[in-house]
Amino acid sequence: MPEGKNPAQRREKKQVEDKKVERKKEKPEVILRVENLSRTYIRGKIPVHALRSACLTVRKGELLAIMGPSGSGKSTLLALIGTLETASGGKAVLDGTDLTTVPEKQLPRLRREKIGFVFQHYNLIPTLTALENVELAMRFSGVSKKERVERAKALLGELGLEDRLHHKPTELSGGEQQRVSIARALANQPALILADEPTGEVDTKTRDSIVRVFRDLSEKGQTIIVVTHDPAVAKECSRVLRIVDGIIKDED
Ligand code: ADP
Ligand code: MG
């Protein structure tokens, strides 16, 4: 404590320091830690370094945007974290599990339980209604049919689709389909949601409503990584990461 300050000043300084300590303590837990993650594709005989030694830490409740030119490795990064692709090197620890060491046979279950996917083209099953699409995601989760339906209804309701439960994807607008796919991604309470250009196909009004959904979810503690080309989407995220030529430019 520097000499010469009056007690009031000292008290104030201490309060500021206490607050700093408190904030540090409050930092949410790390949900995802990516270390030197790489992916090389061989095209013909030429190696394509789609992702080079990516490092990244994501905390619970973050809404993280990933931006970068086309072909820079954004989808590759998401696919590796989502265990849809196999890494050429490095690791990715999600909620305590190193994804790169999980045996192939256990991956579908891990994906189902820990990761929710949202795609640009929604990827809903066209023959099923909104309710059935969401309920299907829980089919193998050990929850009774009654509970699954209730939970699917609740999720769709939260996303403002209570009047669309029995509509099929072709009977829904793009924004509505994307909200169904977000409900589906949330169905098993995943540790992480991965969204690859989720607003790539929708008008700006719909885009804004989807971004609002993500923000609400993130405020409730849901961790989300969203790949986007759109600065208006990135602006609403809690952090933005840029990838160029397979290299994360501003890693933490
Ligand atoms: P982005 O999503 O940023 O547009 P991608 O991650 O899809 O980029 O691709 C990164 C690079 O890896 C590109 O050069 C792409 O052509 C290449 N790539 C992606 N998938 C494959 C694949 N299955 N086989 C060969 N090359 C691929
Ligand atoms: Mg892509």
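**Exercise 1.** Find what share of the protein's residues count as buried.

*Solution.* Start with the rule: a residue is buried if 20 or more other C-beta atoms, placed from the backbone, lie within 10 Å of its own. Applied to the 252 residues of the protein, this rule counts 38% as buried. Keep in mind that this is a predicted model, where local features need pLDDT of at least 70 and side-chain atom pairs count only at pLDDT 80 or more, while totals for chains, interfaces and linings use all residues. Residues are numbered from 1 along each chain as its sequence is written, and chains are lettered from A and ligands numbered from 1 in the order in which they are written.

**Exercise 2.** Work out the strand order of the six-stranded open sheet and find its edges.

*Solution.* First, strands are DSSP runs of E with at least two residues, numbered from the N terminus, and two of them pair if DSSP finds at least two bridges between them. Next, read off the order, S6-S7-S8-S3-S9-S10, with mixed pairing. The edges are S6 (115-118) and S10 (247-248): each has a single partner strand, so one side of each lacks a neighbour in the sheet. Now look inside the sheet: S3 (63-67) and S8 (223-227) run parallel, joined by four bridges. Here Ala65 stands opposite Val226 in S8.

**Exercise 3.** Identify which element gives the largest share of the shell around ligand 1.

*Solution.* Begin with the contributors: S1 (30-43), S2 (46-59) and H2 (74-81) each supply at least two shell residues. Helices are DSSP runs of H or I with at least four residues. The largest share, three residues, comes from H2.

Methods
Buried ≥ 20, exposed ≤ 12 C-beta atoms within 10 Å, placed from the backbone.
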